[in-house]
Amino acid sequence: MNTSEDKTENFLFTKEFQKIDPAMVAEELKNKGFFSFSKAFTTKAINAIEKDATKSKLNLNDNRICGVYAETQYHLTKLLCVSKTFFDFVTSNFVFDVCRKHLGDEFRLKALRYYETYGGHHMQWHTDNKTDRGFSHIPGIIIIFYISDVKEGQFQYIEGSHLWSGEKAYSNYSEEFINKEYKDKVRDFKLPSGSMVIYNTYGIHRAEPVSNKSFVRKSVFAQIDAQIEDGEPIILDSKIITKMNSDVAMFLGFGKPSNYVAYPPTSINTLPLNKNVLGIFLKYVVIRFMRKIYDLSPGFVKSVVKKSFRK
Ligand SMILES: O=C(O)CCC(=O)C(=O)O
Ligand SMILES: [Fe+2]
């Protein structure tokens, strides 16, 4: 008979992926710096995450969960408020076993997001072994999975770079340096939706830049590392937390500080002005203007307006 854990696994992962041994993944993270698997997630799981994460994308002065635009990217860091599927994945035996084997008994979810990357986004080659305060020596992994098919703008990783990048106390690398010294070590992850990449945060990587303005790549990102005393705020909806034990509490940072600045820093000024945004502002101005005229109108006009709306 199927246990509820088996059912969750069958919903999340393809049959082929369920055969993957976390010890083998940890071995690849140690040797090459990355592990990847084409179509690790079922189409049902990917569709559920996309639907939950995009229900209300941009809302000003709205109590629902919504994301932020940072120029050429959309980010929803509150994924654990909307997606039980993501919660099931990130607390799955697979993820916890990989973490235990690679990071030891203590590990914490540091950052998470559903994100969309648009044409014109430029990401420098970098490592992720850093906090919001800069370079740090904290072992960690990042799991990225694709929500859309990725034929360009793919994740790229310099194989083996996790073995030497730690000798340099910085996180960013120029395109000239990589092209000159490591071109033959660049690994490309052009993969269909549902594919998963896990990488060692010490490795040098980026998303390949795409200039085509209509380009969109949809992905999910989760960073987990071995330092459990601080992290980005993890905002949860209690209805999603259907499993709790001391490991899950440690993983989510229960009762621990979360003083890192949530990435990316955004404000109204990083919201690109496009048709959709212009439409929202135009509607707002028209509604507030009409409301003002109504408020200033004499009583008999108000009652006529009220009556006509009641009909
Ligand atoms: O989206 C990608 O391919 C890479 C993302 C990344 O490196 C990051 O957000 O630190
Ligand atoms: Fe990164």
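This is a predicted model: local features need pLDDT of at least 70, side-chain atom pairs count only at pLDDT 80 or more; totals for chains, interfaces and linings use all residues.
**Overall content**

The protein chain holds 10 helices and 14 strands. Its C-alpha atoms fill a box of roughly 80 × 55 × 35 Å along the principal axes. Of its 311 residues, 46% count as buried.

Strand S8 covers residues 140-146, and seven of its seven residues are buried. In a regular strand the side chains alternate between the two faces of the sheet. In S8, Gly140, Ile142, Ile144 and Tyr146 point one way, while Ile141, Ile143 and Phe145 point the other way. Residues of both sets are buried.

S8 pairs with two strands described here. Seven bridges join S8 to strand S14, residues 216-225, and the two run antiparallel.

**Strand S4 and its neighbours**

S14 also pairs with S4: 10 bridges join them, and they run antiparallel. Tyrosine 118 stands opposite valine 216 of S14. Strand S3, residues 73-76, is joined to S4 by four bridges, again antiparallel. Glutamine 73 has threonine 117 as its bridge partner in S4.

Is S4 enclosed by the rest of the structure or exposed? With 11 of its 11 residues buried, S4 is largely enclosed by the rest of the structure. The reasoning rests on the cut-off for a buried residue, which is under 20% relative accessible area.

**Strand S9 and its neighbours**

Strand S9 spans residues 155-158. Phe155 and Tyr157 point one way from S9, Gln156 and Ile158 the other way, and all are buried. S9 pairs with strand S11, residues 186-189, in the antiparallel sense over four bridges, and isoleucine 158 stands opposite valine 186 there. S9 also pairs with S13, antiparallel, over three bridges. The bridge partner of tyrosine 157 in S13 is histidine 205.

**Ligand 1**

Which residues surround ligand 1? The shell consists of Arg113, Tyr115, Met123, His126, Asp128, Ile144, Phe155, Tyr199, His205, Ala207, Arg217 and Phe221.

| Residue | Atom in the residue | Atom in ligand 1 | Distance |
|---|---|---|---|
| Arginine 113 | polar side-chain atom | oxygen atom | 3.0 Å |
| Tyrosine 115 | polar side-chain atom | oxygen atom | 2.7 Å |
| Histidine 126 | polar side-chain atom | oxygen atom | 3.2 Å |

Taken alone, ligand 1 exposes 290 Å², and the protein buries 93% of that area. The space that ligand 1 takes is the largest pocket. Strand S4 (108-118), strand S13 (205-207) and S14 are the elements that give two or more residues to the shell.

**Backbone details in loops**

Most residues other than glycine have a negative phi, and most peptide bonds are trans. Three places in the chain depart from this pattern.

Lysine 39 has phi near 55°, a positive value in a residue other than glycine. Lysine 39 is found in the loop between strand S1 (34-37) and helix H4 (43-53). Its relative accessibility is 41%, so lysine 39 counts as partly exposed.

Glutamate 71 likewise has phi near 55°, a positive value in a residue other than glycine. This glutamate lies in the loop between strand S2 (68-70) and S3. Glutamate 71 is partly exposed because its relative accessible area is 47%.

Which peptide bond is cis? The bond from tyrosine 263 to proline 264 is cis, with omega near 0°. Proline 264 lies in the loop between helix H8 (246-252) and helix H9 (275-296).

Conventions
Residues are numbered from 1 along each chain as its sequence is written. Chains are lettered from A and ligands numbered from 1 in the order in which they are written. Side-chain values use heavy atoms; hydrogens and water are left out. Buried means under 20% relative accessible area, exposed over 50%, partly exposed in between (1.4 Å probe, protein chains only). Two strands pair if DSSP finds at least two bridges between them. A residue is near a molecule or strand if one of its heavy atoms lies within 4 Å of it. A polar contact is a pair of N or O atoms within 3.5 Å; within protein, one must be able to donate a hydrogen and the other to accept it, and residues adjacent in sequence count only if both atoms are side-chain atoms. Accessible areas come from the Shrake-Rupley method with a 1.4 Å probe; for residues, only the protein chains shown count as cover. On a 1 Å grid over the protein atoms alone, a cavity is a set of points where a 1.4 Å probe fits but cannot get out, and a pocket is an open set with protein on both sides within 12 Å along at least five of seven lines; lining residues have an atom within 4 Å of a point. A molecule sits in a cavity or pocket if more than half of its atoms lie within 2 Å of its grid points.
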